[in-house]
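Work through these exercises with the model open. Each task is followed by a solution in steps.

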Amino acid sequence: MSVRVLPDSLINQIAAGEVVERPASVVKELVENALDAGADQIFIDVIDGGRTLISVIDNGAGMSREDLQKSVMRHATSKLPDDDLLNINFMGFRGEALPSIASVSDMTIDTCNGADENGWCLDCNINEIKPSDWEIGTRIRVKNLFSKTPARLKFLRADKAEMMSVLDVVKRLAMARADVGFTLNNKWRFPKNQDMSQRIADVMGNDVQGRMLQINVGSASDSSMRLTGFISEPTLRRASSVDQYLFVNGRPVKDKVLVGALRAAYMDVMHAREFPLCALYLTINPRYVDVNVSPAKTEVHFLEPSHVRAFIIKALRDALAKTLNHNIHFSGSVGTEKTISKPVYFNAENRPKVSSPHYAPDIAFMFKAPVSENKQSYEVNTPEQTPEEINLPLGRVIGQVANKYILAQSGDNLVIVDQHAAHERITYEHLRNHTIKVQPLLTPIVINMRAEDVEAVLSISDEMKNSGLHIDAFGDDAVAIFEKPADWDLNWAELLHAVADEVREYGHSSQLAEKLHLKLANYACHHSVRAGQKLDFNQMDTLLRDIEKTTRGGECNHGRPVYKIIPITEIDGWFERI
Ligand code: ADP
Ligand code: MG
């Protein structure tokens, strides 16, 4: 067989296999192009899940006749003015999308750049440009997607499922750019210049209002990284990762390092099968990240993944540890000012104007105003509160209800504490902060593994030692366990293999720490005061003071809330006193 140089049409179809997997990927490419063209209003229409028609209209810069002609040529792009692949400031840069999509559909482009005397229309099937009366920006219509490649058509799912993927793509881009308006099928609308809190609520659902914690942290060691955005309080979670929005340098990604860090940060306060919500924007020096990995560009390569991971985990854990205090500021409708009667958590005015084609929102955050000092103090039938007591976040004990809940008054708030959840939280933190009891083994447990697995497991042996598991190499293809956490028997072979898999895929593993967490949580649960147990005032007071001192005190180890805070003004409302 002789070597044959493939014709362009075939090359494009092959490339399309990577770039346009399904309708949602077409939408992603076209909307990214619209954003790159500086549009601030984008209309997307999708018929029959994208099989029949995908139309994207933008009010961006448009194209000249020459540019329009070139735009559908392979590897033609306006976005790499020099040859520096590291400094990419646009969403797309490969110059592959338009020719690829055109090769597997009937595509037409209408565009107008405002400088030419009229607009232009390109019919990609016949490669013919005609003058058109199109006036602003660009409209790209993709009809009969994959009709030229029936094999690919077969892989499409039901229209509804494809539509859900399209919606997901649009939501991710809408979260990347709250300043831009997006409309999908006239049904989903994200208005332009939206306040970030409103954009988050529109995208994730109204239940997130007032329940997201702000993150805004720079890396301490150098200025190469910054993490901004929002994560959910631990009591707010989903059954899948749908509402996890992650961005690297303004680009939506589904990167394993980031997802893993998010999971690890919540490990203590959420089950493994529950998913926190987030909109997290990592800004990192382009020299430390390769975004040029896959055509779909949802994965990135970090030069130092463990560095990035550690930075993110710390930033998120610090924010979560503060939930005790924040909860008090978050709760209910304290105060009389209209502005704080609803949770307001962004300061839209301070948001910087967009200056480059893409940006990660640098969000000024405004938590609800704390309880104001000069307010009238309310008294329950308890002795006068001393100033110290008023400042106690969980307040002074009033009594116990149903042998299950502790009632307390804190400033102008009624506090209700779940005694079991509170004690469990304290016991767990206590256990966690004390070194684990280690049991040396007379006969080491030897586990046979492939050499690469041995290497993987040993690479995190220090970390495992901190969790009480001391392992070392045992020849080339085995490891031996010399010490294990006392009273703890597990299928160690299974665990170490799982650890090896994770290390080899992600460069780290949280298997052991997670198992340890579960064990501690169970122990704490069984050694905590039960619901139904009568407590005296001193016991109750100790419990409240201890929970105040406990990090992540707002959560029990199973992620349930430990206490609720009800402002007296809210109670006034029940009795129509306001
Ligand atoms: P890339 O985005 O990687 O450059 P594409 O194939 O997606 O490659 O687009 C090729 C070129 O066509 C872009 O570089 C841009 O100059 C032009 N283009 C595509 N879509 C638009 C649009 N909506 N508005 C203006 N120009 C566009
Ligand atoms: Mg593009």
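**Exercise 1.** Which residues line the largest cavity?

*Solution.* Start with the ground rules. This is a predicted model, where local features need pLDDT of at least 70, side-chain atom pairs count only at pLDDT 80 or more, and totals for chains, interfaces and linings use all residues. Residues are numbered from 1 along each chain as its sequence is written, chains are lettered from A and ligands numbered from 1 in the order in which they are written, and side-chain values use heavy atoms, with hydrogens and water left out.

Step 1: list the lining. Leu-227, Leu-246, Phe-247, Leu-258, Leu-262, Leu-280, Leu-282 and Ile-312 line the largest cavity. A cavity is a set of points on a 1 Å grid over the protein atoms alone where a 1.4 Å probe fits but cannot get out; lining residues have an atom within 4 Å of a point.

Step 2: assign elements. β11 (244-248), α8 (256-266) and β13 (278-284) each give two or more residues to this lining. Helices (H or I, at least four residues) and strands (E, at least two) are DSSP runs, numbered from the N terminus.

Step 3: sort by class. The lining has 8 nonpolar, no polar and no charged residues. Nonpolar covers Ala, Val, Leu, Ile, Met, Phe, Trp, Tyr, Cys and Pro; charged covers Asp, Glu, Lys and Arg; the others, Gly among them, are polar.

Step 4: give the volume. The largest cavity holds about 50 Å³ of space, a volume being the space filled by probe spheres set on the grid points, which are joined across faces, edges and corners.

**Exercise 2.** At what angle do α8 and α9 cross, and which residues make the contact?

*Solution.* Step 1: take the axes. Those of α8 and α9 (residues 305-321) come within 8 Å and cross at roughly 35°. Axes are lines fitted to C-alpha atoms, for helices over the stretch in contact, and angles run from 0 to 180 degrees between N-to-C directions.

Step 1: find the contact (heavy atoms within 4.5 Å). The α8 side includes Leu-258 and Leu-262, and the α9 side includes Ile-312. Leu-258, Leu-262 and Ile-312 also line the largest cavity.

**Exercise 3.** Are α6 and α7 roughly parallel or roughly antiparallel?

*Solution.* Step 1: α6 and α7 (residues 196-204) pack at about 170°, axes 10 Å apart.

Step 1: apply the cut-offs. Angles under 35 degrees count as roughly parallel and over 145 as roughly antiparallel. The two helices are therefore roughly antiparallel.

Step 2: Lys-171, Ala-174 and Met-175 in α6 meet Met-196, Arg-199, Ile-200, Val-203 and Met-204 in α7.

**Exercise 4.** Where is Arg-22 found?

*Solution.* Step 1: Arg-22 sits in the loop between α1 (8-19) and α2.

Step 1: Arg-22 and Arg-152 are 130 residues apart in sequence and 8.6 Å apart in space, C-alpha to C-alpha.

Step 2: leaving aside neighbours within four places in sequence, the contacts of Arg-22 include Phe-146, Phe-155 and Glu-162. Glu-162 of α6 also takes part in the contact with α2.

Technical notes:
1 Å grid on protein atoms, 1.4 Å probe; cavity = no way out; pocket = protein on both sides within 12 Å on 5 of 7 lines; lining within 4 Å. Parallel < 35°, antiparallel > 145°, perpendicular 65-115°, else oblique.
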